[in-house]
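Please look over the structure shown here.

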Amino acid sequence: MTLAWQREHSGGTRVSSLHDAPAVDEVFCRSLATHWQGDFSAKTRLLVICSHHDATLDISFLRPFAGDKGKASGNTAVVVLDENALSSLYAQTAPASDHLGLAPILACFNPTHVVICRYWGARSADIKAELRQLNIPVITFLDDDLFHVPVEAGQNVFAFFNDPDRRRTLQMWVEEADLLLVSTPQLAKSLKRLRKTRPMEVCEIYRSVTDEEFALIPGLSDDEDVIGYMGSQSHADDLDLWVPSLVSLMQERPTLRFETFGTIPMPIALKAFGDRVHARGKAASYDEFINTLRMTQWSLGLAPLAETAFNANKACTKWVEYTLAGIPTLASPGPVYASAISRQACAATETDTVKSAITRLLDNPDARASLLSSAVKELKNNYKVVQHQRFLLKVLKSASRKSST
């Protein structure tokens with residue numbers, strides 16, 4: 001069995017001697033974990049099981065309890081197991097053909113809650129069998145309706161989430177968890193049929209912001225006009241809606257530049273503009289992503305969304321991240337950005353008025369500055385990490401063991 005030791009970590013109990021049995025157990029437990037933070041003696045101890053350590057995990061659980069070192073975060077510890085770690089824990093060993101399973105983690109970390117965060121892995125049946133024997137609340141978290149991923153998200157993504165075994169696994173975790181936690185009210189409506197009368201909570205905040213992040217928000221750059229879009233390749237259809245307008249603007253404004261950031265491919269029609277367009281690849285981590293976005297100094301960040309049921313379930317994360325990078329946002333109208341739009345913290349445009357909306361904002365630095373100022377104010381009023389912490393702790397406190405998971 002291969003154990004992946006973590007090169008960097010923070011928090012936890014200092015190990016003074018390898019002859020100290022509890023310390024050895026903790027070292028072993030931490031070596032198995034994909035990520036850990038906090039002290040194993042913390043009042044609230046979350047064991048998070050996920051398929052991948054991705055932005056969802058960072059945004060939803062790691063950052064809220066690590067961003068500000070207040071009383072709430074100091075009394076919470078988090079251990080993460082992804083599919084690679086689970087493969088080690090459930091590896092078959094000779095000669096007994098047995099496996100460790102979750103036993104070492106459960107015995108040492110003694111979690112108060114188990115969170116299933118976008119997990120659809122092959123170990124689900126084994127994990128469920130172990131957890132159903134314990135009096136630990138199981139909370140499933142989702143930030144997308146993964147039961148209705150559209151083909152427009154890309155053939156690979158569509159095929160992946162429409163795999164029958166994967167769908168059954170996701171449905172099991174959604175239906176049988178003691179509590180379902182989702183990122184938006186619209187997503188709660190979409191998944192209600194799978195929960196019926198069983199407990200469900202909706203996040204008051206999805207992407208929260210630390211005091212340090214507020215301090216790092218840059219001012220608007222006036223060096224040159226650069227329009228940007230950041231996102232994954234599954235959003236190519238969304239960006240394509242605005243490409244004709246972007247092409248027309250690039251033709252009329254010889255100094256205008258356009259950039260993408262992430263796995264989103266540069267639209268073919270825009271490649272014709274040569275070195276006036278630039279594609280930034282995917283960042284290696286969420287922190288690197290935020291730091292890179294902050295350095296782009298885009299004049300305007302785009303947030304187009306096709307009018308689909310799948311998109312309607314999404315959170316306003318792109319607007320939050322643009323704001324943290326000092327970038328005013330132009331978005332499609334609809335439920336995702338409705339709150340920010342209503343507070344003049346985000347500009348909205350229909351597809352047929354994209355060109356005039358971008359022109360108006362590029363030609364009016366004061367309007368862009370006002371947008372950004374209102375956006376920062378909105379984040380400070382309603383998106384602070386301490387608010388996120390309080391909400392999560394309230395949800396965890398309310399979760400109780402009621403199912404047969």
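What follows describes a predicted model.

## The sheet

Six strands form an open sheet with parallel pairing, in the order E10-E9-E8-E11-E12-E13. At its edges are strand E10 (277–280) and strand E13 (347–348), each of which pairs on one side only.

Strand E8 (residues 226–230) runs parallel to strand E9 (residues 257–261), and five bridges join the two. In one of these pairings, Gly228 has Glu259 in E9 as its bridge partner. Helix H16 (residues 317–324) packs on the sheet, where it touches E8, strand E11 (300–303) and strand E12 (329–331). The direction of H16 makes about 135 degrees with that of E8.

## Cavities

Rolling a probe the size of a water molecule over the atoms shows where empty space is left. Over the whole structure, the search finds two cavities of 30 Å³ or more.

The largest cavity has a volume of about 50 Å³. Its lining is made up of Leu46, Phe61, Phe65, Val115, Ile139, Leu181, Leu392, Val395 and Leu396. Helix H20 (residues 385–398) supplies the largest share of this lining, three residues. By class, the lining of the largest cavity has nine nonpolar residues, no polar and no charged.

The second largest cavity holds about 40 Å³ of space. Asp58, Ile59, Arg63, Arg207, Ser208, Thr210 and Val385 line the second largest cavity. Here the lining divides into two nonpolar, two polar and three charged residues.

Technical notes: Residues numbered from 1 in each chain as written. Predicted model: local features only at pLDDT ≥ 70, side-chain atom pairs only at ≥ 80, totals over all residues. Heavy atoms only, no water. Pairing = 2+ DSSP bridges. Helix = DSSP H or I, 4+ residues; strand = E, 2+ residues; numbered from the N terminus. Contact = heavy atoms within 4.5 Å. Axes fitted to C-alpha atoms, helices over the stretch in contact; angles between N-to-C directions. 1 Å grid on protein atoms, 1.4 Å probe; cavity = no way out; pocket = protein on both sides within 12 Å on 5 of 7 lines; lining within 4 Å. Points joined across faces, edges and corners; volume = space filled by probe spheres on them. Nonpolar A, V, L, I, M, F, W, Y, C, P; charged D, E, K, R; others polar.
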